[in-house]
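I set out to record, entry by entry, what I looked up in this structure. The entries follow the order in which I consulted it.

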Amino acid sequence: MIGRRARGIFRAVNQNGGNGAGAKPPADDLILSVEQLTISFDGFTVLNELDFSMKYGEMRFLIGPNGAGKTTLIDAITGKSKPDRGRIVFDGGADLTRQQEHELVKLGIGRKFQTPSIFGSLTVYQNLEVALGFRSRITGLLGGTRRRDSDRIMATLEEVGLAARVGDPAGSLSHGEKQWLEIGMLLVQEPKLLLMDEPVAGMTRRERERTGELLQSIGSARSVLVVEHDMEFVRRFAETVTVLHLGRVLSEGTMETVQQDPEVVRAYLGHGASGQRTVAENTRPRAVETVGA
Ligand SMILES: Nc1ncnc2c1ncn2[C@@H]1O[C@H](COP(=O)(O)OP(=O)(O)OP(=O)(O)O)[C@@H](O)[C@H]1O
Ligand SMILES: [Mg+2]
C-alpha cells in the first residue's frame, strides 16, 4: 500500500553521490534556463515564448494574477506538461522538455504540491524513512547504513522544526506541520532545485512566519522556486520576484520594484476588476490531503 502510493507522490530525488559519476561542472551559473517556452491547451496559449532563468543557490518568488501560467511553468519543469516549442536546460545539461516525468526525479528536482501528501498513520520519522527509501529505489542505489539514514532523517527534522514530533503520527500534525513534513520528505532526498506552489496557503500567521524562515534556511544551500499569492509573505521573504502575466515575464526585481511597475499594477487591476485577486490580496486557504490517515 505504502509502496504503491509512494510511487505516485514523491517527486524528488537527487543524484548527489547517486550516479557515481561525480559532479559535472555547470556550463554557466544557471541551474535553470527556460528558453522560448510555449505551451498551449486547446489552442489557448498559456506560456508564450517564455524566457526565465535562475542561478545556483537562488531563492526566487514567482507571482502573477490567476491563470498567468505559474503552475503550468512548474508542470513544464517537472515534465508534467509538454511544450509546443522551447527548451528548459537544467543544471547545465539535460533539456527537461525531452525527459519523462519519472526520469526527471533522478536529476534532482523536488516538487511540493499545494496540498501535502503524507502518510497520516505513520509517524513523522517513518514518513521520512519512506521518502528516503523511495530515493534509494529510484536511483537504483542501495540505501546508506541505518545509522547514516537515521542521522539524515533527524537532521532534516531539526531543519523543518519537527524533531520534537518525531514519534507522533503524521495525521496528528497541524496543517502547517504537515506542510513542513512534506518539505522534509523532499529535503531528505536532497534535491538541487525545489519547486513549491503556494506553500503557505491556509497557514496561520505564525506558521507562515516559520515557513518563511524555513525557506530561507533551505535556500541557503539549494535553489528554490516559490509560487506565492500571499503578498505580505512575499514582501517579507523575497529578494527577487518574477511577475508572470499571460504566459510571459512582465517584470522582475525586488518586490518594491515590481510593485511600482505600471505594467504590473495594470495586470493585477485588470484581474481585480474581473473578480480575481489583486497584488495586495492574501492567499486563499486550501484543504489538506492526508494519505493513509
Ligand atoms: N491541463 C490544462 N488544460 C487546459 N487548460 C489548462 C490546463 N492547465 C492550465 N490550463 C489553463 O492555463 C491557464 C494558466 O493556468 P495555471 O494553472 O498555470 O495558472 P496559475 O498562474 O498557476 O494560476 P493560479 O494563480 O490561479 O494558480 C489557465 O487559464 C488555465 O485554465
Ligand atoms: Mg497555480
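**Entry 1: helix H7.** I began with the buried residues of H7, which are Arg208, Thr211, Leu215 and Ile218. Viewed down the helix axis, these buried residues fall within an arc of 80 degrees, so they line one face of H7. I recalled that an α-helix has 3.6 residues a turn, so residues three or four places apart point the same way. On the face turned away from the buried side I found the exposed residues Arg205, Arg206 and Glu213. I note here that the model is predicted.

I then checked the length of H7. The helix runs over residues 205-219, and its 15 residues should span 21 Å at 1.5 Å a residue; the end C-alpha atoms lie 21 Å apart, which agrees.

Next I asked what covers the buried residues of H7. The cover includes strands S3 (59-63), S7 (193-197) and S8 (223-227), together with helices H6 (175-187) and H8 (231-237).

**Entry 2: the nonpolar core.** I turned to the largest nonpolar core, which has 73 residues; Leu181, Val226 and Val234 touch the most other members. Helix H6 gives the most to this core, with six residues. For Val226, I set aside neighbours within four places in sequence and listed the remaining contacts: Met59, Phe61, Leu62, Met196, Pro199 and Leu215.

**Entry 3: Asp230.** I located Asp230 in the loop between S8 and H8. Is Asp230 buried or exposed? I counted 21 C-beta neighbours inside 10 Å, and Asp230 therefore counts as buried.

**Entry 4: ligand 1 and helix H2.** Around ligand 1 I listed Phe41, Val46, Gly64, Asn66, Gly67, Ala68, Gly69, Lys70, Thr71 and Thr72. By class, this shell holds three nonpolar residues, six polar and one charged. Which helix gives the most to the shell? It is H2 (residues 70-77), with three residues.

I therefore examined the burial of H2 as well: seven of its eight residues are buried, so the helix is largely enclosed by the rest of the structure. The buried residues are Lys70, Thr72, Leu73, Ile74, Asp75, Ala76 and Ile77. Finally, I noted that H2 is followed by Gly79, whose phi is positive, near 80 degrees.

How values were computed
Residues numbered from 1 in each chain as written. Chains lettered and ligands numbered in written order. Predicted model: local features only at pLDDT ≥ 70, side-chain atom pairs only at ≥ 80, totals over all residues. Helix = DSSP H or I, 4+ residues; strand = E, 2+ residues; numbered from the N terminus. Expected span 1.5 Å × (residues − 1). Buried ≥ 20, exposed ≤ 12 C-beta atoms within 10 Å, placed from the backbone. Arc of directions from axis to C-beta. Contact = placed C-beta atoms within 7 Å. Near = placed C-beta within 6 Å. Nonpolar A, V, L, I, M, F, W, Y, C, P; charged D, E, K, R; others polar. Core = buried A, V, L, I, M, F, W, Y, C linked by C-beta atoms within 7 Å.
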